Amino acid sequence: MGKWCKVFCSCENRRPISAGKWPDYDSYRRNVGAPAKTREFWENHVKDLYECGHRAGIFHETWPGDILRIGFALERTFKGSNIQFPIFRKLADFSYYDDEVLEIAFEEVQDWAVEVGHLKDIDAGRQFFQYHEQKRFLDSLNEDPFLYGDLSAALQECERLIDTCRRTGNGILFSL
Ligand SMILES: [Zn+2]
């Protein structure tokens, strides 16, 4: 679940270079000559390069599956109430997605940071939900285990995205 999520850069020289100079691997190899890297390296590091150094003008990209899992678990935990964790739950509600893409706007990112901070306190045992909510939340997380790491690792990834938004002034795009 979840294909990608990304934050674009805001660099002044945010313009593709390889499209004009090297539209494909063979033209890259011809132009660069002996120092040219392998086709695999080109695919992973050179293709879609922008003048500012960001590939395809993307400042940060990651896999959102584990972040969506947190949203599903919170939806199941607080299904009677709409006020708890609205941003995480929006991510887990596919009706908000337009053509399988949802943007968390820059203005919403601050609210999301508060949600992430709250969950970090829960994860560290500094705060607790009410008894039944705490149990439902942990049971939901255990039913749908994280693919990469755990709750703590997924929250760190959220913080990385939030930091990227603060540095670029851009929102976050999520794709299903
Ligand atoms: Zn850039």
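Select Lys6 and then Leu173: in strand 4 (residues 172-175), Leu173 is the bridge partner of Lys6. The model is predicted, so local features need pLDDT of at least 70 and side-chain atom pairs count only at pLDDT 80 or more, while totals for chains, interfaces and linings use all residues. Residues are numbered from 1 along each chain as its sequence is written, and side-chain values use heavy atoms, with hydrogens and water left out.

Next, select strand 1 (residues 4-8), which pairs with strand 4 in the antiparallel sense over three bridges. Strands are DSSP runs of E with at least two residues, helices are runs of H or I with at least four, and both are numbered from the N terminus. Two strands pair if DSSP finds at least two bridges between them. Cys5 stands opposite Phe174 in strand 4.

Move to strand 3 (residues 101-104), which pairs with strand 4 in the antiparallel sense over four bridges. Here Glu103 stands opposite Leu173.

Four strands form an open, antiparallel sheet in the order 2-1-4-3. Strand 2 (58-62) and strand 3 stand at the edges, each with a single partner strand, so one side of each is left without a neighbour in the sheet.
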